[in-house]
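We will go from stop to stop, picking residues and looking at what surrounds each of them.

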Amino acid sequence: MQWEEIAQTKRASRDRAIPPEWQLSLPQFQDTQVDVRAVPSQCGILTTRELDITATDAVELVQKLVRREYTSYEVTLAFCKRAAIAQQLINCLSEVIFQSALAAAAQIDAEYAATGVPRGPLHGLPVSLKDCFPVEGTDATIGYTAFANSPTKHGEDAAITRIMRECGAVLFCKTNVPTAMMAGETYNSIYGYTSNPYNTFLSSGGSSGGESALLALRGSPLGVGTDVGGSVRIPASFCGLYTLKPSSGRFPIAGTRDGMEGQEAVRNVVGPMAKSLAAIEMWTRAVLASQPWMAVDPVCLPIPYREVQIPRKLCFGLLLDDGIVKPLPPVTRALHQAKAALEAAGHMLVEFRIDDPLYTDTLKHALYRSAAADAVSNTLAKTEEPWPRGMEMLEETVKSNDKSPATVSDLWKAQVKRTEYARRVLQAWAATESKTGTGREIDALLMPCTPWPACEKYKFTYDNYTSLWNVLDYCAITVPVTQVSVVDDVKPPYECRNQIEADIWEGYEPENLKGAPVGVQLVGRRLNEEYLLGVTRACDDALKL
């Protein structure tokens with residue numbers, strides 16, 4: 001079977017798993033409808049109680065499940081139905097496992113009725129997973145037709161899959177990714193493009209774009225993605241979500257399928273995604289309480305959840321522009337809105353600059369792009385699948401006779417340069433102590449996630465606002481702030497400084513991005529996730545006031 005037949009068969013299998021009674025009728029949704037977030041409540045598929053369930057935050061859901069106000073079966077059924085609706089609206093799912101999820105939920109309910117002991121900190125909660133996490137009986141294609149029809153065998157689940165089940169979660173679906181998970185948008189030859197539910201003409205981000213789109217439509221209360229260059233932060237910011245990109249080693253990555261397996265110069269990390277910061281913290285506590293460093297993941301650091309005291313007065317670094325691509329007006333407005341809210345709450349902000357912001361971008365080829373080009377090429381060739389749109393640079397690397405692949409020596413040299421650059425950034429961060437007025441360095445850095453609030457389809461071109469922190473291994477959190485306004489986000493006169501910036505700015509029309517969420521990014525020191533969560537809570541509280 002070559003790639004077209006494989007893709008067609010795989011899509012058909014996924015679609016058949018959605019019961020006929022959960023299918024939308026044509027008048028309920030037209031391709032011209034831009035904002036589809038109201039469709040689940042209007043289509044009549046969900047009962048009033050199911051709408052209440054799916055509107056409830058993950059933390060409160062767990063509390064209600066433990067108090068027996070809801071059963072896991074009815075909560076899982078509600079989210080299965082809503083996920084099915086989301087799939088039909090925005091094409092966000094890769095694997096539909098509703099029946100096994102309902103059986104697992106019923107078992108949790110029976111066990112709880114018999115023992116009175118909750119299964120774990122995520123007792124009975126439905127949780128969705130990015131496609132890359134192997135789950136028994138399902139594929140983990142990561143967008144390749146070559147990996148289809150090879151379901152995960154018993155005992156080969158990813159570490160996160162096992163931990164979620166041990167924590168009491170019910171795994172009910174997996175979500176779409178770009179080919180090899182190497183793009184800031186989500187599309188592949190099997191499942192096609194995943195749209196943004198706020199505006200279906202826009203991207204949901206990538207590579208965890210299926211996850212972000214599903215969560216934005218409340219088709220899941222809590223999801224798990226991965227990030228090696230912005231892959232949870234970009235989609236979270238595009239879809240109005242919170243997410244945590246940890247430093248490498250904090251959460252287990254073992255068993256996860258990776259588009260660049262063996263690449264460790266910039267390590268992939270696992271991160272939670274949700275509609276609330278409280279849900280992110282709940283997931284973090286649950287995973288670390290499982291002590292994954294003991295027997296699950298050899299590279300997971302033995303650092304349990306650390307309770308931290310957050311000072312009453314904080315000082316944030318503020319980066320409005322990295323000097324390469326100035327963010328579009330909605331993003332700049334969101335940064336100023338966050339700044340004003342923080343100052344009104346009594347916090348301080350000081351200017352922060354990134355010296356030579358594209359320095360790490362020049363290292364990426366030597367660090368992993370050359371090897372990635374060969375890996376992608378070899379996998380595509382197995383089914384004669386064509387190179388996906390957006391990978392022209394990798395395709396050219398493979399096709400060019402005058403370009404030799406990076407050697408081990410090249411990698412070592414690049415890693416020396418990376419470490420030297422990390423030292424420079426570390427010194428700049430520490431030097432802020434003299435400017436904050438708190439006797440401490442900045443508590444976090446407030447900055448853009450991307451130049452866009454959400455980009456139009458197939459137009460993502462710049463990830464340095466996020467990928468920089470993967471190379472440096474700092475932790476980061478996204479915070480939703482506002483939405484694009486046609487009135488407030490008009491395009492000002494602006495002379496672009498380079499072609500990358502010109503390509504982004506010259507195509508900007510606020511009308512095209514109407515309704516898109518606008519998020520910001522808070523960056524913290526390496527391995528400082530608990531402190532960053534506390535600082536982000538202070539920022540979130542200020543924004544809500």
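## First stop: a loop and its neighbours

Select Ser231, which sits in the loop between S8 and H9. Please keep in mind throughout that you are looking at a predicted model. Is Ser231 buried or exposed? Its relative accessible area is 6%, so Ser231 is buried. Now show what surrounds this residue: beyond its neighbours within four places in sequence, Ser231 is in contact with Lys130, Met181, Gly206, Ser207, Ser208 and Thr226.

Stay in that loop and move to Val228, which lies between strand S8 (223–227) and helix H9 (233–238). Val228 is buried too, with a relative accessible area of 14%. Leaving aside neighbours within four places in sequence, the contacts of Val228 are Met260, Gln263, Val266, Arg267, Asn268 and Asn470.

## Second stop: the annotated site

Now colour Phe98, Met164, Leu222 and Trp469. These are the residues with the most contacts inside the largest nonpolar core, which has 161 residues. Which helix gives the largest share of this core? Select helix H5 (residues 72–90), which contributes ten residues.

To place the core in the overall fold, colour domain 1 (3–24 + 37–290) and domain 2 (315–358 + 414–543) separately. Both domains give residues to the core, so it lies between them.

Zoom in on Phe98 and display its surroundings. Setting aside neighbours within four places in sequence, Phe98 is in contact with Ala17, Trp22, Cys80, Ala83, Ala84, Leu93, Phe172 and Cys173.

Select Thr536 in helix H18 (residues 529–544). With 0% relative accessibility, Thr536 counts as buried. Where does its side chain find a polar atom of the backbone? Look at Leu532: its backbone oxygen lies 2.7 Å from a polar atom of the Thr536 side chain. Not counting residues up to four places away in sequence, Thr536 also touches Leu277, Ile477, Val479 and Leu522.

From there, jump to Thr284 in helix H10 (residues 277–289). Thr284 is buried as well, at a relative accessible area of 2%. With residues up to four places away in sequence left out, Thr284 touches Leu244, Phe251, Pro272, Tyr305 and Leu533.

## Last stop: the start of the chain

Finish with Met1, in the segment before helix H1 (3–16). Buried or exposed: what do you expect for Met1? Its relative accessible area is 54%, so Met1 is exposed. Leaving aside neighbours within four places in sequence, Met1 is in contact with Ile6 and Thr9.

Methods:
Residues numbered from 1 in each chain as written. Predicted model: local features only at pLDDT ≥ 70, side-chain atom pairs only at ≥ 80, totals over all residues. Heavy atoms only, no water. Helix = DSSP H or I, 4+ residues; strand = E, 2+ residues; numbered from the N terminus. Buried < 20%, exposed > 50% of the residue type's maximum accessible area, 1.4 Å probe, protein only. Contact = heavy atoms within 4.5 Å. Polar contact = N/O pair within 3.5 Å; in protein donor to acceptor, adjacent residues only side chain to side chain. Core = buried A, V, L, I, M, F, W, Y, C linked by side-chain atoms within 4.5 Å. Domains from an automatic or database assignment.
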